[in-house]
Amino acid sequence: MSKVLESTDLQNVLEVKDLQIEFKVDEQYYKAVHGVNFHIAPGETLGLVGESGCGKSVTSMSIMRLLKDPTKVSGQIIYQGRDLLKLTENQMRQVRGNEIGMIFQEPMTSLNPVHKIGRQIGETLLLHRGMSASRARKESIEMLKRVGIPRAEQIVDEYPHQLSGGMRQRVMIAIAMACNPSLLIADEPTTALDVTIQAQILELMKQLAKENGTSILLITHDLGVVAETCDRVAVMYAGRIVEEGSVRKIFKNPQHPYTRGLLNSIPKLTGERKRLEPIEGNVPSLRNMPDGCRFAPRCPFAMDKCVAHNPELFEVEDGHRSRCFLQEGGQ
Amino acid sequence: MGAYIIRRIGQAIIVLIGISIIAFLLLYAVPADPARIIAGPHATPDVVNQIRINLGLNLPIWEQYLKYMGNLLHGNLGTSYIFHTSVMSQISSRMGPTAELALGCWIMELIIGIPLGIYTARHANKVRDVVISALALIGISLPVYWLGLLLLFAFGFKIQIFPLGGTGGIYYLILPSITYGITGAAYYMRLLKSTMLDVMNQDYVRTARAKGASERRVIYRHVLRNALIPVITFAGIDIGTLLAGVVLIEETFNWNGMGMLAYQAIGNQDIPVIMGTVLLLAVFVVLFNLIVDIVYGFVDPRIRYD
Ligand SMILES: Nc1ncnc2c1ncn2[C@@H]1O[C@H](COP(=O)(O)OP(=O)(O)O)[C@@H](O)[C@H]1O
Ligand code: SF4
Ligand SMILES: [Mg+2]
């Protein structure tokens with residue numbers, strides 16, 4: 001396994017080490033996440049990218065300890081020097097919504113239909129800041145203004161169904177950021193939105209995070225979003241990180257065949273129109289994980305040893321690693 | 001909201017008129033000859049004919065109906081064939097005890113059913129849930145009549161805490177309410193449990209957890225309020241039907257309510273009384289449906305604005 005400098009634990013907001021997640025399916029446990037490591041520095045935005053079903057959401061839910069039983073989670077999730085997996089449920093509740101905020105893919109269904117917007121934002125403040133209802137309401141109006149919602153004084157007393165998807169996602173951001181968390185986890189925050197709204201929401205997240213010095217774990221299946229938003233990127237495939245590095249390096253010099261496949265499937269804005277080439281085949285299901293390199297069944301470069309052995313993360317250049325035998329022994 | 005309520009009241013009136021026509025046709029037209037029932041099996045055809053003319057049964061059915069409805073508007077539901085007293089007075093003398101019993105049974109169902117629904121939803125698939133759900137199944141399948149007698153025997157006869165039957169205040173109400181509550185609560189429990197389990201999988205519940213809300217808060221603030229919506233519908237229809245009488249309970253506990261009135265009227269083929277109780281039932285069901293719809297508007301903000 002790759003060596004991580006121990007001293008970085010203190011510098012990083014989040015340090016995920018050897019994370020393993022297993023789900024019980026028909027009386028048997030299957031690994032959805034298999035030895036995942038990554039870290040996020042203060043103020044940094046890390047993109048976690050991969051196709052649907054690669055284990056991104058499950059990874060983020062495990063950080064919040066929100067996966068339902070029967071699920072086995074092991075490894076370490078070190079947040080500000082504390083291993084979240086070792087906290088009691090009560091201690092963990094102090095972290096959720098307070099130190100780590102989270103927003104989800106589905107703005108249309110992520111807000112409670114029977115509570116007013118103001119109360120839903122205020123709930124976080126009530127829980128973690130011990131604010132009175134009237135203080136929380138005032139603060140909610142402030143938050144609505146900060147996330148760029150017009151008519152904040154009225155919206156605070158409206159219900160979610162009165163708002164559009166983009167507005168609801170802004171409300172979700174207001175909820176997640178109300179307590180100035182050190183880390184914001186955004187799981188496909190723009191996937192369900194129109195393209196024009198997508199850019200606004202990403203911009204808003206970036207801006208708020210910058211004002212507060214909040215780090216972001218941005219989960220997406222879209223490398224285009226990563227290019228616009230992230231500092232570093234970790235590419236995930238079938239429960240493993242297969243390539244990681246700075247956004248600049250990965251876009252300039254992608255190594256892993258999976259990363260290259262993802263890059264070929266994003267629409268280019270410059271140059272002549274290029275045909276999109278989605279990667280052939282599908283992400284394997286939990287019960288049918290290939291041995292060896294998990295990408296082998298879909299990889300145009302697969303060799304004999306790829307099927308037999310699981311490649312490690314090989315260092316390609318400084319701070320850029322790839323889990324592929326093609327990069328064995330460096331470049 | 002005002003326009004919505006007026007529209008709903010209009011619909012309710014149309015439904016009631018429809019029900020009255022159907023009930024009238026079924027009761028007056030189908031079992032051909034009420035006059036024969038009144039006159040008795042040995043009366044001469046002349047006598048039967050005279051009765052028929054007196055009651056207006058010789059008129060075309062639609063004319064009979066219009067006459068009936070005209071009287072109804074003046075609070076007159078006709079006269080009992082058997083007792084020769086006004087149907088209205090018979091019904092109103094039963095209304096008090098019936099309302100008492102209906103409310104008692106209903107509250108008991110809710111008091112038992114809702115907490116058990118919450119409890120089994122919170123502990124779904126654990127031993128406690130399996131045990132309680134099995135007991136609930138027994139509860140549903142217990143004959144009310146049998147359970148009532150058992151409770152009467154235990155708490156009225158062996159340990160004499162409660163009266164052995166009859167009407168007259170809260171003491172008389174407790175055993176029949178518990179009896180009905182036990183058998184009826186199981187429906188509430190199962191309905192609430194299944195909707196709560198549904199709601200617990202909703203995205204907004206995940207949001208609540210991600211805010212750091214405690215399990216308690218998640219259940220009571222976020223899950224329950226949403227899960228109660230179908231329960232309210234059921235409870236509204238339930239109280240509507242209960243108000244029309246609870247025959248088995250009334251019989252077991254010798255309770256002089258609407259249920260017994262209807263039951264006896266059917267036995268006697270006393271058509272004006274049957275018609276009166278059927279209409280009353282329809283009014284209650286429609287009325288409580290209306291109330292449910294209005295209550296909905298307060299529980300679920302999405303409904304108010306359409
Ligand atoms: N509760 C669960 N039980 C069993 N399998 C699950 C569960 N949740 C997720 N999975 C499986 O884990 C894998 C990763 O899922 P997920 O993290 O949602 O993917 P992503 O977010 O990358 O699209 C998928 O194969 C999914 O089917
Ligand atoms: S290890 Fe082999 S199969 Fe896996 S990505 Fe590299 S070349 Fe393809
Ligand atoms: Mg996902």
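Which residues are buried in α11(A)? I found A:Pro257, A:Tyr258, A:Thr259, A:Gly261, A:Leu262 and A:Leu263. I used buried for under 20% relative accessible area, exposed for over 50%, and partly exposed for in between (1.4 Å probe, protein chains only).

Before going on, I noted that this is a predicted model, where local features need pLDDT of at least 70 and side-chain atom pairs count only at pLDDT 80 or more, while totals for chains, interfaces and linings use all residues. Residues are numbered from 1 along each chain as its sequence is written, chains are lettered from A and ligands numbered from 1 in the order in which they are written, and side-chain values use heavy atoms, with hydrogens and water left out.

**Helix α11, chain A.** I see this helix (residues 257-264) as mostly covered, with six of its eight residues buried. Its buried residues pack against β3 (45-49), α9 (223-229), β9 (232-237), β10 (240-246) and α10 (247-252) of chain A. Helices (H or I, at least four residues) and strands (E, at least two) are DSSP runs, numbered from the N terminus. Contact means heavy atoms within 4.5 Å.

**Nonpolar patch, chain B.** I next looked up a surface patch made of B:Ile9, B:Ile13, B:Ile17, B:Ile21, B:Leu25, B:Ile61, B:Trp62 and B:Leu66, with about 720 Å² of accessible area together. Areas come from the Shrake-Rupley method with a 1.4 Å probe; for residues, only the protein chains shown count as cover. Patch residues have over 30% relative accessible area and no salt bridge; like charges are joined within 9 Å, nonpolar side chains (Val, Leu, Ile, Met, Phe, Trp, Tyr) within 5 Å. Helix α1(B) gives the largest share, five residues. B:Ile17 lies in α1 of chain B and is partly exposed, at 41% relative accessible area.

**B:Arg94.** I placed B:Arg94 in helix α5 of chain B. B:Arg94 is buried yet has no salt bridge, and the nearest side chain of opposite charge, B:Glu250, is 5.7 Å away. A salt bridge needs a side-chain nitrogen of Lys or Arg within 4 Å of a carboxyl oxygen of Asp or Glu. Lys and Arg count as positive and Asp and Glu as negative; His and the chain ends are not counted.

**B:Tyr296.** I found B:Tyr296 in helix α13 (residues 271-299) of chain B. Why does B:Tyr296 count as buried? Because its relative accessibility is 17%.
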